[in-house]
Amino acid sequence: MKLIRLYAYFFFTFIFLSGCSSTPKFIETEPPIDFQFVTVKEGDTFPSLAEKYNGSAAYSWRIEEFNNSNQLKPGQELIIPLKPFIPGGLTAQGYQLIPVLSYHNFSKGRSHNKLTISVKNFRKQLNYLKNNGYHVITMVQLVEFINFGQVPEKSVLISIDDGWISSYEIAYPILREFGFNATLFIPTQYIDSGNKKAVNWSQIKEMLSDNTIDIQCHGKAHRDLSTRKENESFSQYIQAVEKDISNSRQNIYDKLGIQVSALAYPFGRSNPLVMEMLKKQGYKIAFTVKRNGIPFYKQRFLLNRSMIYGSMSINKFAENLKHFASFPVAEPEPIDTLPSLASLALEAPEKYEHKKQWRTARMIWKLRRDALLSQRQTLAVTSPDSSSKLRSLKKSIEAAQYKVLYITYKLNDIAKQHYLAATNTISNDQAKKLLLQALLDNPEYQSPIDHFQSNMGKLKPLTYVVKENDSFASIARQLYKDPKKAILIPLFNHNVSNESELIPGIKLSLPAAPVNVKKASQAGSKRCSISLTKSSRQMADDYYTKALENFNHDQISQAIESLKTAICLNPKHSKAVEMLNMLKDL
């Protein structure tokens with residue numbers, strides 16, 4: 001019965017498209033939908049063609065990658081993708097990663113501070129990116145990628161934290177020289193302080209003026225957003241974090257007229273509640289300092305970044321630039337493996353339908369349809385009297401569009417089956433594979449992306465319907481087993497600023513449980529909360545060594561705790577004090 005309905009659907013769709021006397025007329029100059037076919041003219045360049053057909057010269061890479069070509073000559077036939085053709089860099093063999101490099105400070109010569117990069121090393125690293133074909137992308141492009149868009153195959157984002165004056169005096173002119181851009185994450189209170197070690201607002205405006213630098217948020221006062229301070233209640237903590245992330249964002253807008261979209265967590269630490277608060281404030285993404293590239297499906301408020309150290313060799317630096325993760329999702333098709341997808345325009349789609357390589361067949365039918373639309377578009381201008389040929393093209397276009405609809409319907413049905421299977425599996429790896437399969441078949445399917453963002457369904461928002469005699473405390477007790485969480489109700493629901501607005505029947509939306517927040521660790525009275533097995537000085541050295549190991553494995557939080565213990569045991573441990581001060585600048 002399902003098959004009969006399917007055939008009936010396509011029969012009537014085809015009748016509608018190619019129908020009898022009631023067929024609606026095509027607009028004579030109806031443009032192609034997914035691909036524009038052009039003949040290169042004298043003076044054409046990839047940027048000029050991207051500007052004309054994609055609306056921005058910044059999309060020139062899209063034309064180059066689809067045609068697997070970086071040269072143009074007059075008379076050359078070229079296909080211009082009008083939309084992302086490999087969303088998220090997802091193929092049957094795996095998915096794209098975007099490395100985000102995290103810098104802090106720069107110096108003209110060599111520095112003993114691990115977070116300070118010399119001019120010589122910075123130049124070497126940028127040269128490596130340039131000579132190995134990396135595209136340095138903007139934060140806007142990264143957000144587009146996270147939303148299952150497409151960026152160049154070898155993309156990287158450069159970020160600089162804290163707003164040290166060296167970002168203006170050293171990094172900015174070198175970036176401009178290479179034609180690269182970077183994002184500067186600033187703690188606004190530090191910029192407002194007038195400290196001569198920090199950039200000022202005038203210098204920031206200068207760096208913004210030529211689009212070399214983009215400004216995003218690093219909080220207001222560089223507090224650890226993930227933990228409560230000593231003697232800070234839950235309510236006080238929520239108010240402090242809310243003020244920190246909202247005031248810093250507003251301050252940047254007041255000074256620069258920029259609506260920031262990203263935040264780099266101080267110390268790289270967060271928790272689910274902070275993530276929800278950022279979302280509420282209008283942030284789109286946020287970054288940790290977990291070393292790895294970013295796949296499109298990564299939770300938007302836990303994005304990876306790789307810290308770059310002054311002591312890194314160029315080979316060690318290159319290890320942070322992995323741009324593809326091998327992860328078999330499905331049986332590869334030509335659409336996954338061909339260097340030039342433009343070559344599919346010469347193929348017969350029926351061959352791939354017979355092999356049940358539906359994704360490849362659909363792209364070929366799209367190419368065929370858009371080649372005909374491009375031809376008809378040209379003919380309508382150059383030979384408007386060729387009515388018989390125009391009618392013939394119209395029928396061929398309708399037939400190709402019918403095939404696109406038919407295969408899309410089939411793939412969408414397969415994608416839905418993959419998604420439902422993913423939501424019913426226990427294994428995260430298997431669920432991940434099924435969700436990626438669903439998106440491979442139907443790139444417009446939002447449910448798999450939402451499932452990834454909810455941490456495989458573990459962080460779905462809570463919905464509560466208000467009852468008679470409810471109070472903020474009673475609701476918090478029901479949802480979180482803790483009336484002290486009552487502050488969350490008005491915070492996340494603008495329609496209930498006070499309890500008098502708790503009208504029975506209205507729906508509330510709240511962060512998923514649990515919403516517990518750790519307190520900042522404190523040293524106890526008994527020899528820094530540890531049992532002494534050696535002298536205090538010896539154990540301080542041990543904890544300093546442990547901190548170095550933590551740091552070298554990007555375990556920043558653990559490194560800070562080890563350093564605090566080392567200093568507690570030996571307040572004169574100069575190396576531990578120096579390293580702790582360095583890490584406080586993260």
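Which helices each supply at least two residues of the lining of the largest pocket? They are helix 12 (334–337), helix 14 (358–382), helix 15 (387–423) and helix 16 (428–441), where helices (H or I, at least four residues) and strands (E, at least two) are DSSP runs numbered from the N terminus. This is a predicted model, in which local features need pLDDT of at least 70 and side-chain atom pairs count only at pLDDT 80 or more, while totals for chains, interfaces and linings use all residues. Residues are numbered from 1 along each chain as its sequence is written, and side-chain values use heavy atoms, with hydrogens and water left out.

**The largest pocket**

- The largest pocket has a volume of about 820 Å³, a volume being the space filled by probe spheres set on grid points that are joined across faces, edges and corners.
- Of the 31 residues that line this pocket, Pro84, Arg362, Lys366, Pro443 and Glu444 are the closest to its centre.
- A pocket is an open set of points on a 1 Å grid over the protein atoms alone, where a 1.4 Å probe fits, with protein on both sides within 12 Å along at least five of seven lines, and lining residues have an atom within 4 Å of a point.
- Helix 15 gives the most to the lining of the largest pocket, with six residues.

**Nonpolar cores**

- In the largest nonpolar core, which has 102 residues, Tyr103, Leu129, Leu175, Ile204 and Leu488 touch the most other members.
- Apart from this core lies another, of 41 residues, and Phe148, Ile285, Leu434 and Ala438 are among them.
- Such a core is a set of buried Ala, Val, Leu, Ile, Met, Phe, Trp, Tyr and Cys residues joined through side-chain atoms within 4.5 Å, and buried means under 20% relative accessible area, exposed over 50%, and partly exposed in between (1.4 Å probe, protein chains only).

**Aromatic pairs**

- Rings of Phe, Tyr and Trp (its six-membered ring) pair if their centres lie within 6.5 Å, and planes under 30 degrees apart count as stacked, over 60 as edge-to-face and the rest as tilted; by this rule there are 16 aromatic pairs.
- Phe148 and Phe296 form a tilted pair, 4.6 Å centre to centre with 40° between the planes.
- Phe148 lies in the loop between helix 5 (139–146) and strand 8 (155–161), and Phe296 in the loop between strand 13 (285–287) and strand 14 (306–307), so their pair ties together parts that are 148 residues apart in sequence.
- Both Phe148 and Phe296 are buried.
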